[in-house]
Amino acid sequence: FFSKAWRQDLWLVNGLPMADPKDKLFSEFYSEVKLIEKRDAALTPKQQIDRLNRPGCTYFNLNPFDVLQIDPDVSMTDIKSRYRQMSLLVHPDKNQDDSERAKKAFDAVTKAYKALEDTTNYRKCLEVVQEAKDRVIQMVCEKRRRSKGEPIDEDDPAKYKHAVYVQTCKLFADLERLRVDEETKQTNERKRKAEEDELNKYRSAVEREWRQNYEDSRNDRIASWRDFRTKKAKKHKNLGGLKPPKTKMEQRPS
């Protein structure tokens with residue numbers, strides 16, 4: 001779901017060759033990255049709770065692979081095994097001296113597992129991680145081109161791993177912002193539609209009440225009109241029977 005127009009081949013980016021995966025130096029580099037990941041995964045319950053509650057954890061914990069500290073290409077069996085291990089480490093019942101933060105850590109672990117348990121969402125997460133790696137590869141190629149053969153920071157496996165980690169966090173954060181924006185948009189749309197429906201219901205109720213009152217008062221209006229016509233007819237009849245007074249001759253004094 002991210003644009004990959006710039007990526008032609010995993011080992012050839014912008015016309016610049018990357019290290020051959022069969023190359024000895026690359027193998028050593030990759031092995032060192034794996035050792036760093038393995039070392040970081042061996043944390044105590046307190047360290048795991050601290051890690052999952054660190055500043056910015058709201059966005060850091062969006063990456064389910066990082067929360068569970070597993071490789072994206074591991075099997076579902078390994079994911080379940082790691083989830084059970086992590087959930088036991090940070091479970092609030094086993095960390096009662098820090099139960100509030102332990103619960104937050106436990107919730108993060110559970111959310112990460114549920115994200116990977118869903119096949120569709122799991123594939124999307126893999127795409128995010130791959131996109132992050134591809135962007136780092138592009139960035140490394142550009143830095144190597146500019147350095148003209150001089151060493152760069154990402155030659156250090158730890159710094160390369162950190163660059164991938166940072167880029168992955170950014171992409172997951174971007175997706176979360178898009179999700180929240182879309183959810184907010186849909187919520188506002190549902191609210192607007194509900195208010196519109198409520199207004200239409202009110203107008204319909206008022207109209208029905210008016211029509212009902214109009215029908216209920218129909219007989220009264222007809223009777224009132226008939227009474228009015230009858231009284232008017234009687235009035236005209238009475239006026240027709242009156243005679244004008246007789247005129248008297250004017251008498252002058254003699």
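Predicted model: local features only at pLDDT ≥ 70, side-chain atom pairs only at ≥ 80, totals over all residues.
Biologist: What share of the residues in the protein chain is buried?

Modeller: A residue is buried under 20% relative accessible area, exposed over 50%, and partly exposed in between (1.4 Å probe, protein chains only). Of the 254 residues in the protein chain, the buried share is 26%.

Biologist: Why does the pair of phenylalanine 60 and tyrosine 165 count as stacked?

Modeller: Rings of Phe, Tyr and Trp (its six-membered ring) pair if their centres lie within 6.5 Å; planes under 30 degrees apart count as stacked, over 60 as edge-to-face and the rest as tilted. The whole structure holds 3 aromatic pairs. In the pair of phenylalanine 60 and tyrosine 165, the ring centres are 6.2 Å apart, and the pair is stacked because the planes stand at 20°.

Biologist: Which helices hold phenylalanine 60 and tyrosine 165?

Modeller: The pair ties together parts that are 105 residues apart in sequence. Phenylalanine 60 is partly exposed, at 26% relative accessibility. Phenylalanine 60 belongs to helix 3 (residues 57–60), and tyrosine 165 to helix 8 (residues 157–216).

Biologist: Which elements give two or more residues to the lining of the second largest pocket?

Modeller: On a 1 Å grid over the protein atoms alone, a pocket is an open set of points where a 1.4 Å probe fits, with protein on both sides within 12 Å along at least five of seven lines, and lining residues have an atom within 4 Å of a point. Among the 16 lining residues, those closest to the centre are Asn121, Phe172, Leu175, Glu176 and Arg179. At least three lining residues come from each of domain 1 (42–117) and domain 2 (125–227), with bounds taken from an automatic or database domain assignment. The elements giving two or more residues are helix 6 (99–117), helix 7 (119–147) and helix 8.

Biologist: Is lysine 148 buried or exposed?

Modeller: Lysine 148 lies in the loop between helix 7 and helix 8. Its phi is positive, about 55°, although it is not a glycine. With a relative accessible area of 75%, lysine 148 is exposed.

Biologist: Is glutamine 69 buried or exposed?

Modeller: Glutamine 69 sits in the loop between helix 4 (64–68) and helix 5 (76–90). Phi of glutamine 69 is positive, near 55°. Because its relative accessibility is 18%, glutamine 69 counts as buried.

Biologist: Which residues are in contact with asparagine 95, leaving aside its neighbours within four places in sequence?

Modeller: Asparagine 95 is found in the loop between helix 5 and helix 6, and at 9% relative accessibility it counts as buried. Its C-alpha atom is separated by 9.3 Å from that of isoleucine 49, 46 residues apart along the chain. Contact means heavy atoms within 4.5 Å. Beyond the neighbours set aside, the contacts of asparagine 95 are Pro45, Ile49, Leu89, Val90 and Ala102.

Terms used
Residues numbered from 1 in each chain as written. Heavy atoms only, no water. Helix = DSSP H or I, 4+ residues; strand = E, 2+ residues; numbered from the N terminus.
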